[in-house]
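Here are a few notes to read alongside the model. Have it open as you go through them.

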Amino acid sequence: MIKITSAIAGVATAILATSAFAGAHGDTTLGQVQAKGFVQCGVSQGLPGFSNADDAGNWAGIDVDLCRAVAAAVFGDASKVKFTPLSAKQRFTALSSGEIDILSRNTTWTMTRDTQLGLNFAGVNYYDGQGMMVPAGLGAKSALELDGANICTNTGTTTELNITDYFRANNMSFNLVAYEKADEVVAAYDAGRCDVYTTDRSGLAAQRTKLTSPDAHVVLPEIISKEPLGPVVRQGDDNWFNIVRWSLNAMINAEELGITAANAASMANDNNPSVKRLLGTEGNFGEELGLSNDWAMNIVTQVGNYGESYERHVGLNTPIKLARGVNNLWSQGGILYAAPIR
Amino acid sequence: MAKKPTSNRPTRARPGKAQPDKGYVRTEDAPVLPPPPSEAGISGWLWHNVLASCSDFTSIGSAVRSIVMAFFTVFVGWLTISTAWGLFDFAVLSAVWSDPDGIKREACFTIDQGGQLPSGWHGACWPFVAAKMKFMMYGPYDIDQLWRVNLAGIIGLIGLAWVMIEPLPYRRYVGIFLLTVYPLLTIILLYGGGFDVSLMTLSIIFMIGLALITFGRLAGRGLLGETMAAFASAGGIGGWLLVGYAVVMLILGVDYGLRTIDTNQWGGLLITLVVAITGIVASLPLGIVLALGRRSSMPIARILSIVFIEFWRGVPLITVLFMASVMLPLFLPEGVNFDNLLRALIGVMLFSAAYMAEVIRGGLQAMDKGQYEGADALGLSYWEKMRLIILPQALTHVIPGIVNTFIGLFKDTTLVSIIGLFDLLGAAQSAISDVAWATPVQAHTGYLFVAAVFFVFCFGMSRYSIYMENKLSRGRKH
């Protein structure tokens, strides 16, 4: 019997030995990330413009660019990042269990999530909001003219709740037609099974590309919910939180200061002290984060500033064709306002 | 089928023996006449299979039946032909086959969207599948390392073909290779080897294993007394498991100079096949053990088997996967991480083993009591009885059920996409959300391709099982 117990103990040791091969190397997230040599980033399973695999299977999108920016800041190499595609249900567990270091997966910043999950939102990299699309032939100019409409949307998301709230608040009747997958919603809307298609406005823009005649549809001006999307980190590691937050701020500040991937190197000796501080030729802001002083320089040269990233993935020259709108700089009529580096 | 008129008759003129010359006895075969036109060719087939059942108007009842039959024949025929034609038209005739200018989605645009194709066009956009082929087959696996996957696949295919094609020699050894060396080789090729193992721990495990084997040997000979003899076989098996584990981990721990490619870079058909094949290969032996355990007369073995089977059959696979991917990390200390794919693999294995156990139990129950008694009368031990008499027959009985479970398992692997693994379907869905190829037919094309791939695999398994059935049940054909 003793032998059997020892056999069991042996097996248990063996299992522990193998399961611990991804064990911790340092106490802080930054220490762990530096030890393993890459940033592990949680992304969506495919949301056009935000995080999506291209033909070669490489991840691209503005959420992806944020993770690449963090990798550039930490390692000076934007390619030192690995992506974990996550479903909406998995994402927070994956982050709190330490499977990923950053969750950059079009996640709406809400109070519940911020206060109850042991997570922190490090900023907002896209201000989204739920909108509505209707066929131009319907002649509707405002959502308030949609009384009695058939509305197509996805099941199990807050979009259902938001549209119900909106119609009830305005004393209008409606008929909800909900589908499981975005493809089904588009197909139903395209086939004329409903008059209105509602989801986040970035999603509307992306799904519009799949309609038989995209130009025959208009997006109504009403935005019926606030969806600030941003990167999330675990609570309790302020240094890592700062690195993610300031990587995002660096991208936005770079755009504001006119620094692009192309001119960053020549701008380093610009007369503007704000530019010098950002690019690390003055002060030691990078070292305060536990990084090198050229952290932001690496971000801008390897990933680009916020505007470049935006135009590359969701801007007017992409099939998604999203105008900057509120996601423009505060100085350009938008609400992007990053704290200064000084 | 026309019967050969000569087949059963004795030969007429026997040499060396005089035949009495009777005028009424035929000396040669009657001439073989062609079948009447109503029995032969397309018209005969049509008459027998279609028209005969709807042309009987001899009474009111049969006339009504004929009309109903005629209606259904036409309706079903129309339905079949129009569906098949629609599919053919979508996939072949109307399809866009190439994108020579590299304009991606615009190659599949209609005039309404600013392209070349006529308004209302509806056909497959195959350049989309071609562009996403790498992603759907391998996922985000490093492009310059694809040869590793291909090599593993080719070795596996050759091995499998070798085992399946009967006249080839050494089939048994190829089979053993496939079940022992090949999985290790595949892990090393796909992952890159160089697992982080501690030599110290491994050698301790190895020594414990050796000690247990020695104990088993000694106790088996009765050298350690009767109490210990009872644990001989348990000790021996445990010892071999530990030694095997240590050796396997040692082989996986060696650095082969291959770049490590994490499982979250695996995807597409690769993941589907890894999950399905692991599940299929592991579920059969586990299922056999569980089925035997459930029918065993030893109460503990029986109860454990019943609890295991009923537990895993009682929960949906999707729950198992969710538990493994969402709950399990919360129970483990922070930083300790099981690989996501490994979690799914273990879940799928245990799940399918429970189903397999019940299928095999059906086969065991179908066996005549006389077979068990006959084996006992021959003085065979329990394991000899099972290995030589019972299981070969019982498993043959339930081949359709086993293959049914395999096919079900193969298709259930698509569920892993909800825990963030990009299997074939998940990769296709991700490809479908790529706006660079966004057209109204993008989703249809992608899903059609996935359906075709799944059909090829499942149909292949189904045909092979029919072949096996015919081969193994030749002796019992009625």
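1. In chain A, 70% of the contacts between residues at least 6 apart in sequence join residues at least 24 apart; two residues are in contact if their C-beta atoms, placed from the backbone, lie within 7 Å. Please keep in mind that this is a predicted model, where local features need pLDDT of at least 70, side-chain atom pairs count only at pLDDT 80 or more, and totals for chains, interfaces and linings use all residues. Residues are numbered from 1 along each chain as its sequence is written, while chains are lettered from A and ligands numbered from 1 in the order in which they are written.

2. Chain A has 342 residues, and 49% of them are buried (20 or more other C-beta atoms within 10 Å of the residue's own, with C-beta atoms placed from the backbone). The C-alpha trace of chain A spans about 75 × 70 × 40 Å along its principal axes. Chain A holds 14 helices and 13 strands, which are DSSP runs numbered from the N terminus (H or I, at least four residues, for helices; E, at least two, for strands).

3. Moving to chain B, how do H10(B) and H13(B) pack? Helix H10 (residues 268-294) meets H13(B) at an angle of about 45°, with the axes 6 Å apart; axes are lines fitted to C-alpha atoms over the stretch in contact, and angles run from 0 to 180 degrees between N-to-C directions. H10(B) is therefore oblique to H13(B), as angles under 35 degrees count as roughly parallel, over 145 as roughly antiparallel, 65 to 115 as roughly perpendicular and the rest as oblique. The residues of this contact divide into 17 nonpolar, 5 polar and 2 charged (Ala, Val, Leu, Ile, Met, Phe, Trp, Tyr, Cys and Pro count as nonpolar, Asp, Glu, Lys and Arg as charged, and the others, Gly among them, as polar).

4. H13(B), residues 340-366, also packs with H11(B), residues 299-314, at an angle of about 115°, and their axes are 8 Å apart. On the H11(B) side, the residues in contact are Phe308(B), Ile309(B), Trp312(B) and Arg313(B), and among their partners in H13(B) are Phe351(B), Tyr355(B) and Glu358(B). This contact divides into 8 nonpolar, no polar and 2 charged residues.

5. Gly192(B), with a positive phi near 115°, follows H6(B).

Methods: A residue is buried if 20 or more other C-beta atoms lie within 10 Å of its own, exposed if 12 or fewer, and partly exposed in between; C-beta atoms are placed from the backbone.
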